[in-house]
Amino acid sequence: MPRLSPKADAPAVAGLLGEVAEVLAKSGVDLSRLGLAWARVAPTVALVPAFGLRAFPAPARAALGLALALVVAPGLPGLTSTGLPWPVALVVEAARGLPIAIGASAALWAATMAGGVIDDLRGARESSSLPNVESGATPLGALLSLLAAIMFLEGGGPTRVLSALGRPD
């Protein structure tokens, strides 16, 4: 079967995306609001170790970000109310989400580093290769990171983060 050139495939892809956008619009989903919410949630999914880091492949983290954006989107203003061009609005929303992501991830990263300091003090500078902690983390650092992630998840951390991300400004 002959393959079509990328230029010949472009109308089919554009047609498919157009159809998906039309179905979502008929369902009452505002794609601009969803895109802005995804931009606001993306730093959190990228920085907070409890949301997977290297344990999830990039498409899975993007899907997680989209799922979290669906929760946040109803509380955010749409693109028409911001008055900004689309790329600028995405950068603004990502900048609004960045302090929340840094604040949520600080305790988790601190636990990893505290474990590394303790391992250094006891003279055991080994590294563990777990996919959910930073590369080069020591065994106790990985353990404390996992403990902090469990405490974050069980203590309502995602709910608090989404509540903060869902505020209009």
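Helices (H or I, at least four residues) and strands (E, at least two) are DSSP runs, numbered from the N terminus. The structure is a predicted model, in which local features need pLDDT of at least 70 and side-chain atom pairs count only at pLDDT 80 or more, while totals for chains, interfaces and linings use all residues. Residues are numbered from 1 along each chain as its sequence is written, and side-chain values use heavy atoms, with hydrogens and water left out.

**View 1. The protein chain has seven helices and zero strands.** From the N terminus on, its elements run α-α-α-α-α-α-α. Of the 169 residues of the protein chain, 31% count as buried (buried means under 20% relative accessible area, exposed over 50%, partly exposed in between, with a 1.4 Å probe and protein chains only). Among contacts with a separation of 6 or more, 73% join residues 24 or more positions apart (contact means heavy atoms within 4.5 Å).

**View 2. Glu93 and Val91 both have their place in helix H5.** Glu93 is buried, with a relative accessible area of 4%. Leaving aside residues up to four places away in sequence, Glu93 touches Leu36, Ala39, Arg40 and Leu76. Val91, by contrast, is exposed, with a relative accessible area of 58%. The C-alpha atoms of Val91 and Ala39 are separated by 7.5 Å, although these residues lie 52 residues apart along the chain.

**View 3. Helix H2 (residues 31–47) meets helix H5 (residues 86–121), their axes coming within 6 Å and crossing at roughly 30°.** H2 is therefore roughly parallel to H5. Axes are lines fitted to C-alpha atoms, for helices over the stretch in contact, and angles run from 0 to 180 degrees between N-to-C directions. Angles under 35 degrees count as roughly parallel, over 145 as roughly antiparallel, 65 to 115 as roughly perpendicular and the rest as oblique. H2 passes H5 in a right-handed crossing (a crossing is right-handed if the near helix is turned clockwise from the far one by less than a right angle, and left-handed if anticlockwise). The H2 residues that meet H5 include Leu31, Gly35, Ala39 and Arg40, and those in H5 include Trp86, Glu93, Ala101 and Trp109. By class, the contact of H2 with H5 has 13 nonpolar, five polar and three charged residues (Ala, Val, Leu, Ile, Met, Phe, Trp, Tyr, Cys and Pro count as nonpolar, Asp, Glu, Lys and Arg as charged, and the others, Gly among them, as polar).

**View 4. The axes of H2 and H3 come within 8 Å and cross at roughly 125°.** H2 is therefore oblique to H3. This crossing of H2 past H3 is right-handed. Leu34, Ala37, Trp38, Val41 and Val45 in H2 take part in the contact, and their partners in H3 include Arg61, Gly65, Leu68 and Val72. The contact of H2 with H3 has twelve nonpolar, one polar and one charged residues.

**View 5. The largest nonpolar core has 21 residues, of which Val48, Val72 and Phe152 touch the most other members.** A nonpolar core is a set of buried Ala, Val, Leu, Ile, Met, Phe, Trp, Tyr and Cys residues joined through side-chain atoms within 4.5 Å. The elements that give two or more residues to this core are H2, helix H3 (58–72), H5, helix H6 (139–154) and helix H7 (157–165). H2 supplies the largest share, four residues. Apart from residues up to four places away in sequence, Val48 touches Ala101, Ala104, Ser105, Leu108 and Phe152.
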